[in-house]
Amino acid sequence: MGTVALQAKAAALGVGFTWGDGTLTFGGRRYPFEVKGITITIADVGFGRLSGRGRVYNLKRVEDFSGTYAASTGEATVGRGLAGQIQVNAAGVQLRIDNVTRGARLSGSADGIQLTLK
């Protein structure tokens, strides 16, 4: 099992964009990674920042971490909010991320996010 910490920003008006950086801790080592995402949604308006920490499950090789993670999510934030997500990539790696959001954002979508080791 590993852990992740990330910082990201998200902006949207129908199409959402997410970008940021994070660190994977696995096997006693730290690996920096990049966060990118684009979401076409039913409703997605606003700007937000998130700071997240979580656990990584089913990770046997660090190479399996990079990939597109998918989850169905919903979020409502005005000022400060708390959201949780469980996401899975094609290699079966699961992320459980608890994040604190800030800003003014309302979204409802099927999200996909790309995490790439640097």
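Which side chains meet in a salt bridge at 2.8 Å, N to O? Select Asp 21 and Lys 118: that's the pair. A salt bridge here is a side-chain nitrogen of Lys or Arg within 4 Å of a carboxyl oxygen of Asp or Glu. The two residues link distant parts of the chain, with Asp 21 in strand 1 and Lys 118 in the segment after strand 4, 97 residues apart. (Strands are DSSP runs of E, at least two residues, numbered from the N terminus.) Now colour by accessibility: Asp 21 is partly exposed because its relative accessible area is 40%, while Lys 118, at 63%, is exposed. The cut-offs are under 20% for buried, over 50% for exposed and partly exposed in between, with a 1.4 Å probe and protein chains only.

Before going further, some ground rules. This is a predicted model, so local features need pLDDT of at least 70 and side-chain atom pairs count only at pLDDT 80 or more, whereas totals for chains, interfaces and linings use all residues. Residues are numbered from 1 along each chain as its sequence is written, and side-chain values use heavy atoms, leaving out hydrogens and water.

By the salt-bridge rule the count comes to 3. For another, pick Glu 34 and Lys 36, whose closest N and O atoms are 3.9 Å apart. Glu 34 is partly exposed at 30%, and Lys 36 is partly exposed at 46%.

Next, zoom to Asp 64, in the loop between strand 2 (29–57) and strand 3 (67–88). Asp 64 forms a salt bridge with Arg 61, closest N to O 2.9 Å. Is Asp 64 buried or exposed? Its 19% relative accessibility makes it buried, while Arg 61 is partly exposed at 47%. Show everything Asp 64 touches (contact means heavy atoms within 4.5 Å) and, not counting residues up to four places away in sequence, you get Leu 59, Tyr 69, Asn 89, Ala 91 and Val 93.

A search of the whole structure finds 2 aromatic pairs. Phe 65 and Tyr 69 have ring centres 6.1 Å apart and planes at 50 degrees, so this pair is tilted. (Rings of Phe, Tyr and Trp, the last by its six-membered ring, pair if their centres lie within 6.5 Å; planes under 30 degrees apart are stacked, over 60 edge-to-face and the rest tilted.) Both Phe 65 and Tyr 69 are buried.

Last stop: colour by pLDDT, the predictor's confidence in each residue, from 0 to 100. The chain mean is 74, with 60% of residues at 70 or more. Confidence is highest in strand 1 (residues 2–26), at 81, and lowest in strand 3, at a mean of 61. Select residues 72–82, where pLDDT stays under 50. Where pLDDT is low, the predicted coordinates should not be read in detail.

Technical notes:
Helix = DSSP H or I, 4+ residues; strand = E, 2+ residues; numbered from the N terminus.
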